[in-house]
Amino acid sequence: MKKTLIYFLLLTSNVLLVGCGFYSFTGASVPANVKTFQVNRFENNALLVEPGLERDFKLALEDLIQNQTNLGLVQSNGDLVYEGEITDYRISPTTATSENTAAQNRLTISVKVRFFNRKKEDDDLEQSFSFFYDYAGSSQLIGSLKTTAHEEIFERLTQDIFNATLAKW
C-alpha cells in the first residue's frame, strides 16, 4: 500500500511538471520548444549620449535572462529576440534648496524594446521602459556614483523587460 502511494505521488508530480512546460522560480514560464534567445544591439538615440551605455545595457539584459532561465544565448536565429534603442538619458533636478540650487538630481534612462517570439508570434511586444536614480545635487555623476546609478537602473529595467516578456506580469 505504501509503495503504491509513493508511485502514485511520483507519477502525479511528474505529469504536473511535464504538462506545464518549463517553469522557473523566477516566475518565467517558457514553453518547452523555446531553447535560445538573442539580444541585438540597443542603439543609443538619446540626446545625451553616454559612451558604452548600449553595450552595458545589452550585457545586463543577457545576464539577467541567462540567470533566470535555462535558455541558451545565441548571436543569431534565436527563438526569442530582444532589440530596441535607448531613447532617453537625462539628468534633471528633482528638489531645490533655498538658494535655488539642486538639492537632489535624478538620472533617468528610458529604452524602447521590441521582443519577438519566433515560436509564438502572439507574444511579440513593443514597449517602452524607464527608470531613475536619485543622487545628491552637490555630487557629480562620475566614477563609482555613475556606475552605481547605471547598475541600479539596469537592474530595474531588465527585470521589468523580463517580467513583460517572459513572466507576463
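## F42 and the aromatic pairs

F42 is buried, at a relative accessible area of 0% (buried means under 20% relative accessible area, exposed over 50%, partly exposed in between, with a 1.4 Å probe and protein chains only). This is a predicted model, in which local features need pLDDT of at least 70, side-chain atom pairs count only at pLDDT 80 or more, and totals for chains, interfaces and linings use all residues. Residues are numbered from 1 along each chain as its sequence is written, and side-chain values use heavy atoms, with hydrogens and water left out.

The structure holds four aromatic pairs. Rings of Phe, Tyr and Trp (its six-membered ring) pair if their centres lie within 6.5 Å; planes under 30 degrees apart count as stacked, over 60 as edge-to-face and the rest as tilted. The F42 and F57 rings have centres 5.0 Å apart and planes at 75°, so this pair is edge-to-face. F42 belongs to strand β3 and F57 to helix α2, so the pair ties together parts 15 residues apart in sequence. Helices (H or I, at least four residues) and strands (E, at least two) are DSSP runs, numbered from the N terminus. F57 is buried too, at 1% relative accessibility.

Y82 and F115 form a tilted aromatic pair, 4.9 Å centre to centre with 50° between the planes. This pair links distant parts of the chain, with Y82 in strand β5 and F115 in strand β6, 33 residues apart. Both Y82 and F115 are buried. Ring pairs also link F42, F57 and F154 into a cluster.

## Charge over a ring

R106 lies over the face of F132, at 3.8 Å from the ring centre. A charge sits over a ring if NZ of Lys or CZ of Arg is within 6 Å of the ring centre and within 35 degrees of the ring normal.

## Nonpolar core

The largest nonpolar core has 33 residues, and those with the most contacts inside it are L80, Y82, L107, I109 and I161. Such a core is a set of buried Ala, Val, Leu, Ile, Met, Phe, Trp, Tyr and Cys residues joined through side-chain atoms within 4.5 Å. Two or more residues come from each of β3 (36-44), α2, β5 (80-96), β6 (102-117), β7 (125-136) and α3. Helix α3 gives the most, with eight residues.

Beyond four places in sequence, L107 has contacts (heavy atoms within 4.5 Å) that include Y89, I91, F131, Y133, L141, A149 and I153.

E54 is in helix α2, which covers residues 53-68. E54 counts as buried because its relative accessibility is 19%.

Helix α3 (residues 143-167) has 25 residues and reaches 34 Å from first C-alpha to last, close to the expected 36 Å. The expected span is 1.5 Å times one less than the number of residues. Just after α3, K168 takes a positive phi of about 60°.

## Strand β4

G72 lies in strand β4 (residues 72-73) and is partly exposed, at 29% relative accessibility. G72 and T36 are 36 residues apart in sequence, with their C-alpha atoms 4.5 Å apart. Leaving aside neighbours within four places in sequence, G72 is in contact with K35, T36 and F37.

## Confidence

The mean pLDDT of the chain is 87, and 83% of residues reach 70 or more; pLDDT is the predictor's confidence in each residue, from 0 to 100. Over residues 15-26 pLDDT stays under 50, and the model has nine contacts beyond four places in sequence for this segment. Where pLDDT is low, the predicted coordinates should not be read in detail.
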